[in-house]
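Please look over the sequence and the structure shown here before reading on.

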Amino acid sequence: AKFPAPHGSTTVVRALPDRSPVKFGSMGAEWKTLLLPSLLLLNADGKELGPSRLDAAVYKQIMSSVPIATVDVVLFSDDLARVLLFRRRNPPVQGVYYTVGGRLLKNERLRHAALRKLHEETTLHMTGADLTLAGVVEEIFDDSMFNSSVNSHCVNSVYGVSLPPETEPLTRVVGDKQHTDVAWFSVRDKSLHPFIQRKIVLLLPKLMERRARAQLSLLDQSSALRRERRVARKASKAARAGSLSSSSTSGRPRKNEVL
């Protein structure tokens, strides 16, 4: 599997004691993981990531005792007018159109977790630079993957990303087995789950600001290019004027020259 990592992270895949180490060095734009049972993934600092799946009894005990750290990614259309949601097959919010996301692994960076969940649950491949952090929200549900026996309490770091137009057709964004359907919704749709509405409210201003900053940067670059062109034209004009003046002077008789 492949998914991008920001900031040129170094990702190492280390074998268990009975295997030789396997290292995937500095990847720059993307990092690769070999997701095999016999291998352990290390983060950029060389610390082992915790297991992606925990024993059900252990996880149920954890969930019944403490909040769970999670990440979510909200997918927006290029014009920021729509949001792409996936209908959940399992509790919590079973049958509800919701965002992609999941549990943060031990020693995993938040942004890496967001990229991992995006890769696992969609066909999209993003980089860390594509993601915009909205902030942290608290989500408390009446049930969980264990149904109503334990409720979910998530401390959720929420990221957003606007999709380029070519990725907006739903055939290019396929949910995994956790989802039964995927659909676009207006960001103004009041029928959306309250938690989704809150994430949209948090993210839209940040995404708009990011876009405005990018446009201002382009304007600055354009202005700088125009200034460079003006300076070049003035220099060229001055050079031509100097050349003409020199030619005119060289054709005149000197003051003491006898004709």
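## Contacts of E139

In this predicted model, the side chains of E139 and K199 are joined by a polar contact of 2.9 Å. A further polar contact, of 3.2 Å, links the side chain of E139 to that of N156. E139 itself is part of strand β10, and its relative accessible area is 3%, under the 20% limit, so E139 counts as buried.

Which residues are in contact with E139, once its neighbours within four places in sequence are left aside? They are D72, Y98, S152, H153, C154, N156, F195, R198 and K199, and two of these names, N156 and K199, are those of the polar partners already described.

A69 belongs to strand β6, which covers residues 68-76. With a relative accessibility of 38%, A69 falls in the partly exposed class.

Although A69 and L104 are 35 residues apart in sequence, their C-alpha atoms are 5.7 Å apart in space. When neighbours within four places in sequence are left aside, the contacts of A69 are with G102, R103, L104 and V155.

## Salt bridges

Side chains of opposite charge can pair when their charged atoms come close. E120 is partly exposed, with a relative accessible area of 34%, whereas R116 is buried, with a value of 10%. Helix α2 also holds K117 and E121, again 4 residues apart and about one turn of the helix from each other; their salt bridge has its closest N and O atoms 3.4 Å apart, and both K117 and E121 are buried.

In helix α3, which runs over residues 194-250, E209 and R213 are separated by about one helical turn, being 4 residues apart. The side chains of E209 and R213 meet in a salt bridge of 3.0 Å, N to O. Are these two residues buried or exposed? E209 is partly exposed, at a relative accessible area of 41%, while R213 is exposed, at 56%. Elsewhere, salt bridges that share partners join E108, R116, K117, E120 and E121 into one network.

## The second largest pocket

Rolling a probe the size of a water molecule over the atoms shows where empty space is left. The second largest pocket of the model has a volume of about 200 Å³. Its lining is made up of D78, L80, M126, D130, T132, V161, S162, L163, P164, L207, R210 and R211.

Which element supplies the largest share of this lining? That element is α3, from which 3 residues of the lining come. Both β11, covering 153-162, and α3 supply at least two residues each to the lining of this pocket. Sorted by class, the lining residues comprise 6 nonpolar, 2 polar and 4 charged residues.

## Backbone features in two loops

Most residues other than glycine have a negative phi, and most peptide bonds are trans. In the loop between β7 (82-88) and β8 (97-98), where P92 has its place, the peptide bond from P91 to P92 is cis, with omega near 5°. V93 is placed in the loop between β7 and β8 as well, and its phi, near 45°, is a positive value in a residue other than glycine. The relative accessibility of V93 is 13%, which means that V93 counts as buried, as this value is under 20%.

N147 also has a positive phi, near 65°, and is likewise a residue other than glycine. The place of N147 is in the loop between β10, which covers 132-140, and β11. At 48% relative accessibility, N147 counts as partly exposed, because this value lies between the limits of 20% and 50%.

Terms used. Residues numbered from 1 in each chain as written. Predicted model: local features only at pLDDT ≥ 70, side-chain atom pairs only at ≥ 80, totals over all residues. Heavy atoms only, no water. Buried < 20%, exposed > 50% of the residue type's maximum accessible area, 1.4 Å probe, protein only. Salt bridge = Lys/Arg side-chain N within 4 Å of Asp/Glu carboxyl O. 1 Å grid on protein atoms, 1.4 Å probe; cavity = no way out; pocket = protein on both sides within 12 Å on 5 of 7 lines; lining within 4 Å. Points joined across faces, edges and corners; volume = space filled by probe spheres on them. Nonpolar A, V, L, I, M, F, W, Y, C, P; charged D, E, K, R; others polar. Polar contact = N/O pair within 3.5 Å; in protein donor to acceptor, adjacent residues only side chain to side chain. Contact = heavy atoms within 4.5 Å.
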